[in-house]
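Here is a short briefing on one protein chain. Look over the sequence and the 3D structure, then work through the points below.

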Amino acid sequence: MKKLIPAAAIFSLSIPLSSFAQTYKYQPAVFTLQGKLLSTPGETPDGKKITFPALRLQEPITLQGDQETRTENGVALMHLVLNPKMMQVFKSKTGKSVSVTGTMFHSDNGNHQTNVLIAPSAITSMK
């Protein structure tokens, strides 16, 4: 006996997951995102191996571009740009699930390790 697959199920399988991603705009807006803090391997423009502070998002997002910045779909990892206070918070919460509130912006130089970065104003533990 053949099993019938509803057309809606077939249609939903053909849509990329990024189509359902939450869409945000770049700065100056402030957003809160959830994910896990990581110290992630990267590389400087001259090829030196480094580690950088990052947020691995619970769910990929889309950043809507404008005339100056391109749209980025499926963003799952973001380089964190930390001031000294936020660096201390990052160090104490690395490896943990957190909420990060901050401003997102697109990379603009070779020292940026991901296409989208976030400058946090707050990092709080998730319960």
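Of the 127 residues of the protein chain, 35% count as buried. The model is a predicted one.

**Overall layout**
- The protein chain has two helices and six strands.
- Along the sequence, these elements come in the order α-β-β-β-β-α-β-β.
- Take the contacts in the protein chain with a separation of 6 or more: 61% of them link residues 24 or more positions apart.

**Strand β5 and its partners**
- Strand β5 covers residues 97–106. Eight of its ten residues are buried, so β5 is largely enclosed by the rest of the structure.
- Strand β2, residues 30–43, pairs with β5. The two are antiparallel and share seven bridges.
- One place to look is Phe31, whose bridge partner in β5 is Gly102.
- Strand β6, residues 116–125, also runs antiparallel to β5. Nine bridges join β5 and β6.
- Find Thr124 in β6, and you will see Ser99 opposite.
- Keep one rule in mind when you look at side chains: in a regular strand they alternate between the two faces of the sheet.

**The nonpolar core**
- The largest nonpolar core has 22 residues. Which of them touch the most other members? They are Leu33 and Met104.
- The elements that give two or more residues to this core are β2, β3 (49–64), β4 (72–80), α2 (84–93), β5 and β6.
- Strand β3 gives the largest share of this core, with four residues.
- Met104 has contacts beyond its neighbours within four places in sequence. Among them are Tyr24, Phe31, Leu33, Ile61, Leu63, Met78 and Ile118.

**His106**
- His106 lies in strand β5.
- Is His106 buried or exposed? Its relative accessibility is 16%. The cut-off for buried is under 20%, so His106 counts as buried.
- Which side chain makes a polar contact with the side chain of His106? It is that of Glu72, at 2.8 Å.
- Leaving out residues up to four places away in sequence, His106 touches Tyr26, Thr69, Arg70, Glu72, Asn115 and Leu117.
- Tyr26 and Leu117 are also on the contact list of Met104.

How values were computed: Residues are numbered from 1 along each chain as its sequence is written. This is a predicted model: local features need pLDDT of at least 70, side-chain atom pairs count only at pLDDT 80 or more; totals for chains, interfaces and linings use all residues. Side-chain values use heavy atoms; hydrogens and water are left out. Buried means under 20% relative accessible area, exposed over 50%, partly exposed in between (1.4 Å probe, protein chains only). Contact means heavy atoms within 4.5 Å. Two strands pair if DSSP finds at least two bridges between them. A polar contact is a pair of N or O atoms within 3.5 Å; within protein, one must be able to donate a hydrogen and the other to accept it, and residues adjacent in sequence count only if both atoms are side-chain atoms. A nonpolar core is a set of buried Ala, Val, Leu, Ile, Met, Phe, Trp, Tyr and Cys residues joined through side-chain atoms within 4.5 Å.
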